[in-house]
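I opened the notebook for a structure I had not looked at before. These entries record what I looked up, in order.

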Amino acid sequence: MPVQQLKKHLDHAGVEYMCLPHPPAFTAQELAHHVKIAGDRVVKTVILELDGKMAMLVMPATWRIRWDRLTRILDTDFVDLADEQEFQDRFPDCEVGAMPPFGNLFNMPVYCAEALTRQPELAFAAGSHTESIHMKTSDFLELVRPMVLEQGFVRPGSQKPAWLTRKRTTTGDALTEGHAANMAGY
């Protein structure tokens, strides 16, 4: 069972945590719904490809990535979502899409949205879609030691930049707000 490796690691570190069973959750927001906690306290684990190398990005379930800002803050030429087929072997005991935010256990650098560090407690998938771990944020930060990023994310309800919301024209074709939003990754 995937959660056993993580529990062993947490027990060895001497941290307090709870492991909770729940109905299948295939997204971090579904997990938040099932365990009845705010999405800002549930960790979304995203596997990235940074200039050809895998890295883990952890952020609040309700937030989105701003690719242009993330590329700039990481000072890299290429940032993209990693293909599940390329990384599933790195998480041998985990269900795809349920990787815990402990990249350090999988020999992978971890980047963390600064917003998560302000939460008193976090919840995240424990390697399966039906179990989650709940623990103090301070313990998570101590065990993982992620690089904390202040930029590269969009908060829920954030207003889109003016350049993105006004209609633009390229080669005579007007772009609607929806088309412009899709082009910018919103």
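The entries below cover a few residues and the cysteines of a predicted model.

**Entry 1: Thr-45**

I started with Thr-45 and found it in strand S2, which runs over residues 43-50. Is Thr-45 buried or exposed? Its relative accessibility is 19%, and the cut-off for buried is under 20%, so Thr-45 counts as buried.

Next I listed what Thr-45 touches, leaving out residues up to four places away in sequence. The list holds Met-56, Leu-57 and Val-58, and also Met-99, Pro-100 and Pro-101.

**Entry 2: Val-3**

I turned to Val-3, which sits in helix H1, residues 2-13. Val-3 has 0% relative accessibility, so I noted it as buried.

Which residues is Val-3 in contact with, neighbours within four places in sequence aside? I wrote down Cys-19, Ala-126, Glu-131 and Ile-133.

Val-3 and Pro-100 are 97 residues apart in sequence, and their C-alpha atoms are 9.0 Å apart in space.

**Entry 3: cysteines**

How many disulfides does the structure hold? I noted zero.

I looked up the burial of two cysteines. Cys-94 has 15% relative accessibility and therefore counts as buried. Cys-112 is buried too, because its relative accessible area is 1%.

Key: Residues are numbered from 1 along each chain as its sequence is written. This is a predicted model: local features need pLDDT of at least 70, side-chain atom pairs count only at pLDDT 80 or more; totals for chains, interfaces and linings use all residues. Side-chain values use heavy atoms; hydrogens and water are left out. Helices (H or I, at least four residues) and strands (E, at least two) are DSSP runs, numbered from the N terminus. Buried means under 20% relative accessible area, exposed over 50%, partly exposed in between (1.4 Å probe, protein chains only). Contact means heavy atoms within 4.5 Å. A disulfide is a pair of cysteine sulfur atoms within 2.5 Å.
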